[in-house]
Amino acid sequence: MGFLAPFMLVGLVAIGVPIAIHLIGRRRARIVPFAALDFLMATKRKTARRLQLRERLVLLVRALACLAVAIALAKPFTSCERKGPQVTRGPQAAVLVIDDSFAAGYLVDGKPWIKRASDEARRIVAQLGPEAEVAIVRASEGAEHPTELTRDHLRLRDQLLALEPSARPADTTRALTRAAQLLAASSHARKTVFLISLQAKSGLHPDEPPWGKDGPTFIALDLRPARMPNLAVTALKVDSDPNTGTRGVAFDAEVGNFSDEAKKVELSLTIADRVVARGELALAPHEKKTKRFLAALPAGARASDASVSLAGDGLPIDDRRYVRATLRDEVRVLLVDGDPRTVRHDDELFYVEAALRPGDREDSGTSVRSITAEELAGITKLRGLAPTIDLNDFDVVVLANVAALPAERVTALADWVRAGGGILVAPGDRVDPTAYDKTMLPLMPQSLRDPIDTTWGASPEDRDSRALHLVKWEADHPIFAPFSKDAPDLADAKFFKISLLGPTTATADRKVLARFTNGAAALVEASIGAGRTLLFTSTLDRDWNDLAIHRGFLPLIQQAVRHLARKHALGIESDHLVGGSVALPTGDLKKLEVRGPDGIGAVFEGDRLAGRSSVRFGKTDHPGIYRVIGTDQTGATHDREELAFAINVDPRGSDLTPVDATALPTSGTGSAVAPTDNTRRVELWHALAAALLLLLLAEAILVQR
Amino acid sequence: MKLDPIQLQRLGSLPIKARVIVEGALSGMHRASVHGSSVEFAEHKEYSQGDELRHVDWKAYAKLDRYYVKQFEQESQLTVYLVLDASASMKFAGGGLAKLEYAGLSLAAIAYLVTQQQDKVGLVACGDRAIETMVPPRARTNHLHDLLGVLDELMKKGGAGDESPAEALGRIAELSRRRRSLIVLASDLFDPDDATLRALATLRAQKHDVSVLHVLDPHERTFPYEGLTEFHALESGAKLLANPSAIRKDYLDRMNTFVAKCHGTLANAGVDYHEVLTDNPLEDTLLELLVSRARLQPGAARRTG
């Protein structure tokens, strides 16, 4: 032990002060010979002993207080071996990369691991000293990063104290890259990156080094507990199950065992806040298995919140996975075949029928009736007889390569569309644009012009290269919701012949939803009264294109039909992850409000909603079920059950397998290395000051008694 | 008019003081209309079979034509032992007379009174080997002078030692085994092992009349001290530096308990107990003792003619 101000130890003589006061006090005391005290002390020595003890204690406390004052003023310190990372005090630049992914909520001794990380980070900030410029970079995917280093250590400490695990997986490599960028902008010679993370494999990408050779000094802190076994529900799919009845649904829950030992997992299925099924899974180390639950949705509900959870482990957030289970609304489609063939696959409707009723199963969600163009005459009165086809039995009519219809049928169809029906028109060789202009315009979003054949005159080997492709589709539109912006399932399809479009008709809200590579419109949508019309400018079979044999054809046709029928929700939920955005169809809503599981959400209205067929909601920060409340044009507000969606954590973050030390980044050479000093000075006067306060308190209590 | 104990102390020699106290007390007795003991007194009882014929009052028969028998009390002389606790604790004086002086004056007055009644009076003092004194009981006037002289000397010496009166009381029990005696103890009863209380109870059990003057100083009963004080014990030499206000309640509780215990133990044993404070007029103390004795044993001091 040493002293920073040893001359202050002269004050130790002050210890004599209370002793002198004690002795003087004794001398100044009045002396009274007292017989009864003698008796009292002889008979009841307890009081005397207590008084004597108290007197000595007071003297001792006062002497110690004087001692503490003198020693504290001399500022004692001691030295000890450094533990933990090499932290050197002084001017420097440092970035603390802290893992705040959901894995940081792993419970270690009953407390989230992130508290341990936060404590360690605060200790490092304190040791760096006030001259250090520091930044804190959170390592969760999509986290906001600071733009500069700061000397405001108080703010840093507050940030660290407020640190909570997010619901996102770790992206440590991106955070380290950002740390290197921040340090690169600093003029300090000494630059250090401290990594306080669980060092899970999933967040680090060894093939993407965060800095080059001249990067900063890198110190990775090993705060990981010895064992971090984790179990997680990594996927949950729901599908209708006709075998269980009309309300039957099947849940396929995938469970992962991210530990080195075999585990037996208890799973439970919850529908509408009630546990309806339980099951067990035996999992080998690092194994994933799927458990199927069959259940029925509650009576009267078209959709329900559901979740599968497993018995709690160290990381609760990934032990439950949510899903919205929705019963399919059957869409009734009338397919009008303009070019019927006896050879099945040559038929105009062969691919459309297959897409709408895959496997011809009852649970496909679509009922299809196919007729020829001539049979469509049944929608009108024929020679005074009642119509044989009631359009009101259908939600959607598809006119595939149908030659221009007589005016009375068009009128009947147009009336039906205006009342809320949906019609999809696709051209073909039997479509004559001139004839269409004469009668069909009430059903068309735009008039047709002559088709162009891009392969005309090309040799067979050049044919493919001259084909058109779909590009620039409205990714936010419900029809394209299942597709990403560059979905190869659509983009790879080749279009050899397409119909060009004429001048705009009088239809409202006309919108081109997709275009070809030459800029021509591929899919045009317009409103007619309360209904909708869609015009696809190529054929629905393989005559003009090969879209029908691409994987994108099925979802495109199904989505188009459902969009026309205004029945978007399908039984199969797409898996939305925390941090991702969700496209919500706006329909005719005046206001749309989204509420998350924590009650916080967003409101779309006014300019954010007007003229849009869908909006994107991106505040998906917590896993759970998000509700959508819509206000229609009449001002009525309804819970839009069919739009509610589930958000889940990214299963990548559940794998806590540690990364090899060799896969961690290495220190660069672009930083001056601090001199090695393995001892650390620990100042003791704070403790002495605290002891002094306690002594004064004790003295006050003793004197009062 | 009553004399303050301090004023009384200024009066000449001890015999004079004793006489003053007794006269003051006796004047009080008239007011109390209580007949004293040990004076010649008789009463008549109608004759019944078995009474001695020599005791028949023939003059009464002549007057009333009925037989009355003269009855007399015990005809022997009363022996009184005065026991003075002269231990060190008795020299405590809070502001007035020391307890020893007060006790000495009280016993002197009783000796004077007893001698006046032709009864025998003796003195036993205890406290220290140097002080231990035994004046055997005698009834002569010269004896009173000797006894008062010894008493005066003891008072002048002041208290010493820590011997309790228990041993002295035991010696009296030995001496007066065959004869009932009156034993008057003046002490503060500061006795760590209660031996004095037991000895008094033993004497009472042996049919002796026992009176106790429990002499305490007013300061011992009120503990009026203030400010930092170092108390020196008189017998043990122990010292205690204390703030009296901090220990007053505890002390007074213990003192009250002690007095209550003495009173309770002695009253249960049939001992005539009087707590007296040293600022109490001595003639009142004497009078209280006399009245109490007369009330407890109205015929105890009668003698046959």
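This is a predicted model: local features need pLDDT of at least 70, side-chain atom pairs count only at pLDDT 80 or more; totals for chains, interfaces and linings use all residues.

Reader: Welcome news! How many helices and strands does chain A have?

Author: Chain A has 705 residues, of which 40% are buried. Its secondary structure comes to 13 helices and 35 strands.

Reader: Are helices α4 and α5 of chain A roughly parallel or antiparallel to each other?

Author: Helix α4 (residues 113-128) of chain A and helix α5 (residues 153-161) of chain A have axes that come within 9 Å. These axes cross at roughly 170 degrees, and angles over 145 count as roughly antiparallel. Therefore α4(A) and α5(A) are roughly antiparallel.

Reader: Which residues of α5(A) does α4(A) meet, and how many nonpolar residues are in the contact?

Author: From α4(A) come Ser118(A), Ala121(A), Arg122(A) and Val125(A), and they meet His153(A), Leu156(A), Arg157(A), Leu160(A) and Leu161(A) in α5(A). By class, this contact has two charged residues, two polar ones and five nonpolar.

Reader: Is Asp241(A) buried, partly exposed or exposed?

Author: Asp241(A) lies in the loop between β10 (231-240) and β11 (248-257) of chain A. A residue needs 20 or more other C-beta atoms within 10 Å to be buried, and 12 or fewer to be exposed. Asp241(A) has 19, so it is partly exposed.

Reader: What separates the C-alpha atoms of Asp241(A) and Ala296(A)?

Author: Leaving aside residues up to four places away in sequence, Asp241(A) touches Gly248(A), Val249(A), Ala250(A) and Leu294(A). Ala296(A) is 55 residues from Asp241(A) along the chain, and their C-alpha atoms are separated by 8.8 Å.

Notes. Residues are numbered from 1 along each chain as its sequence is written. Chains are lettered from A and ligands numbered from 1 in the order in which they are written. Axes are lines fitted to C-alpha atoms, for helices over the stretch in contact, and angles run from 0 to 180 degrees between N-to-C directions. Helices (H or I, at least four residues) and strands (E, at least two) are DSSP runs, numbered from the N terminus. Angles under 35 degrees count as roughly parallel, over 145 as roughly antiparallel, 65 to 115 as roughly perpendicular and the rest as oblique. Two residues are in contact if their C-beta atoms, placed from the backbone, lie within 7 Å. Ala, Val, Leu, Ile, Met, Phe, Trp, Tyr, Cys and Pro count as nonpolar, Asp, Glu, Lys and Arg as charged, and the others, Gly among them, as polar.
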